[in-house]
Amino acid sequence: MKKFLQIEYLKIKGNNSFKVFSLIFIVFLPLIVIFLPSVFKVNLMGTDTYPLMPTSASGSWYFTTYIASWFSLFILSFIIIFHITNEYSAKTVRQNIIDGYSKTDFLKSKIFMVLFMAIVAAIYVFLVGVVASLYFKSHQSEPMSLEMLKQFGVTELPVNQLFGGVFDGVLFSLAYFLQILAYFILAVMVSMFLRKGALSVITYFSLFLLELIFVGQLNNNGMEKITSYFPLRSFSSLLPNFDWSLLISGIQAGGKLTILNAVVSVLYMIVFVLVTKFIFFKRDVI
Amino acid sequence: MSQVLRIKNLTKKYGNFIAVNNLDLTINKGEIFGVLGPNGSGKTTTLGMILGVINQTSGSFSWFDKPDFENCRKDIGSILEHPIFYPDLSAYQNLEIAARIKECDLKRIDLVLERVGLLSRKDSKFKTYSLGMKQRLALASALLSNPEILVLDEPTNGLDPQGINQMRELILSIADEGKTIIISSHLLDEIQKMCTHVAILKKGNLIKTGSIEAILSGKKTFELKSDATFEKIKTVLEKLQGITSIKLESDLTFVGCEDHLKAEYLNKVCFENGIILSHLALHNASLEEEFLNIVKS
């Protein structure tokens, strides 16, 4: 495994877009997580409210990983897609194999690389989460006073304690890890199937849209039980969207990681890897 | 002599198109084996299959008489088509990737770069290299693991005469070390100058294989010139035993014949029939003519 990662590292060294995209993630994730809640305010009946301000430890962790998940969907998946399709456009896949990699070795090197990157990203997100939860704790800004909230039928302030809950942190970071790994593996599959950069990026996003439309149609026919197990839906529900109707009292934790969701996602990842392997072995390396 | 590569009934089809048809070949240790054929005759496809990047439709091949190909990959150094490297990495970094894949000592990198004369440019990016340098870098990469066998697909393709010469000398000096080399080319001159053995392919079929001498021997061609008309020469010589072809090119008549026919005999026959030759010489049969003959028929 060390050998594969070393070789992937050597390949990445000359890749400037890799460096730029990673830097964007590293710099902008903490900036957005920490400053967006205090900047984004809504004036409600003469009072400034901060609807994105997390009000609990789990809310803070949820918010951090949720923002990070948008980075993994866009920027980080780009890195993977272009890293792999570049190997095809420069024909270096074939050179690697002629040099002595077996097809299995090549596939392994890519899977190990995305696994490694997912682990590093998850650790980084965890560290950002620690800093963010400490910051929100010190900030202690309540989104609204209790008096105001009463008008909306809220009888007590959200729990404003327990900041820095390590268990929540680990749970959300794990959900983040599973999700980014799933996105990466999807990106690997799409790129190794299509072999062209721009086409892969477009297809990668189209898959999300298509599934959304398809799921919407099925849901209209009352098939929610089936659609919630669709692959991309399972991946995104690892860190679900927040409920806008509850934002009035600050960010609450979205759905936490369930074992069922984790298992379903892992199964899909295994299937995707097997499909990729099948395609890669079936075709000539051009 | 031990067998290095044995190919049995190797076939590759792309849909209905047969790129390589039932190819049988054996290559022994120490040979410089040329795979010769016009463009599109299946040379690269064949090499791609024996290197494991193209899946064969049917048939098999074995390296070093071992059934398992995966374990021999690192003992084979190869160039397939044009040189392929990571454009934004330097020569050294590119070879480092190859060296790590081959699991060979990183100290070899400087050695092979020196061998192909690129050591002074080792930190330049690959994309700044000229074609000749790229080809030499590809050869350096193939030499990294000091392999027993080299597979070179058109190693001089696109090079200028100086580059071709450099490359040829490099290949011959490597062959002197007793390594087995498989070279594909559509340049007959190239194969004739470097190879000991040759296989000629046409539209995926193996036309002929053997040592260069064997392919060229058994036949020779005389060129002759006379004031007599071509028709007269033809009628006279056609009756002789051992004559295979007679043809006129500009003012020279080319007479193909079997090996045992002597110039003296030819001259005597002509003179006796009233044809006085002003020129009679043994034509140097090149592989090129032989090749063109084979391909035409």
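Which residue forms a salt bridge with B:R168?

1. B:R168 forms a salt bridge with B:E190, and their closest N and O atoms are 3.4 Å apart. The pair links distant parts of the chain, with B:R168 in helix α5 (residues 161-176) of chain B and B:E190 in helix α6 (residues 188-194) of chain B, 22 residues apart. Both B:R168 and B:E190 are buried. A salt bridge here is a side-chain nitrogen of Lys or Arg within 4 Å of a carboxyl oxygen of Asp or Glu. Buried means under 20% relative accessible area, exposed means over 50%, and partly exposed lies in between (1.4 Å probe, protein chains only). Helices (H or I, at least four residues) and strands (E, at least two) are DSSP runs, numbered from the N terminus.

2. This is a predicted model, in which local features need pLDDT of at least 70 and side-chain atom pairs count only at pLDDT 80 or more, while totals for chains, interfaces and linings use all residues; side-chain values use heavy atoms, with hydrogens and water left out. Residues are numbered from 1 along each chain as its sequence is written, and chains are lettered from A and ligands numbered from 1 in the order in which they are written.

3. On confidence, the predictor gives the complex an ipTM of 0.83 and a pTM of 0.84. pLDDT is the predictor's confidence in each residue, from 0 to 100. Chain B has a mean pLDDT of 86, with 95% of its residues at 70 or more. Among the elements of chain B, α2(B) has the highest mean pLDDT (94) and helix α10 (residues 287-296) the lowest (68). Where pLDDT is low, the predicted coordinates should not be read in detail.

4. Helix α2(B) has twelve residues and reaches 16 Å from its first C-alpha to its last, close to the 16 Å expected at 1.5 Å a residue. The expected span is 1.5 Å times one less than the number of residues. Nine of the twelve residues are buried, so the helix is mostly covered. Among the buried residues are B:L95, B:I97 and B:I101, and also B:E96 and B:K102. The buried residues of α2(B) pack against α1 and α4 (92-99) of chain A, together with β5, α3 and α4 of chain B. Just after the helix, B:E103 takes a positive phi of about 55°.

5. B:G37 lies in the loop between β3 (32-36) and α1 (43-50) of chain B. B:G37 is buried, as its relative accessible area is 0%. Leaving aside its neighbours within four places in sequence, B:G37 is in contact (heavy atoms within 4.5 Å) with B:K43, B:S185, B:H186, B:L201 and B:F291.

6. The structure holds 19 salt bridges over all chains. One of them joins the side chains of A:E8 and A:K11, at 3.2 Å from N to O. A:E8 and A:K11 both lie in helix α1 (residues 2-13) of chain A, three residues apart, about one turn of the helix. A:E8 counts as buried because its relative accessibility is 1%. A:K11 is also buried, with a relative accessible area of 5%.

7. In chain B, the side chains of B:K127 and B:D88 meet in a salt bridge of 2.7 Å, N to O. The two residues are 39 residues apart and link distant parts of the chain: B:K127 is in the loop between α3 (108-115) and α4 (131-143), B:D88 in the loop between β5 (76-79) and α2 (91-102). B:D88 is partly exposed, because its relative accessible area is 30%.

8. Rings of Phe, Tyr and Trp (its six-membered ring) pair if their centres lie within 6.5 Å; planes under 30 degrees apart count as stacked, over 60 as edge-to-face and the rest as tilted. By this rule there are 26 aromatic pairs over all chains. A:F25 and A:F71 form an edge-to-face pair, 5.6 Å centre to centre with 65° between the planes. This pair links distant parts of the chain, A:F25 in helix α2 (residues 16-39) and A:F71 in helix α3 (residues 57-89) of chain A, 46 residues apart. A:F25 is buried at 5% relative accessible area, and A:F71 is buried at 9%.
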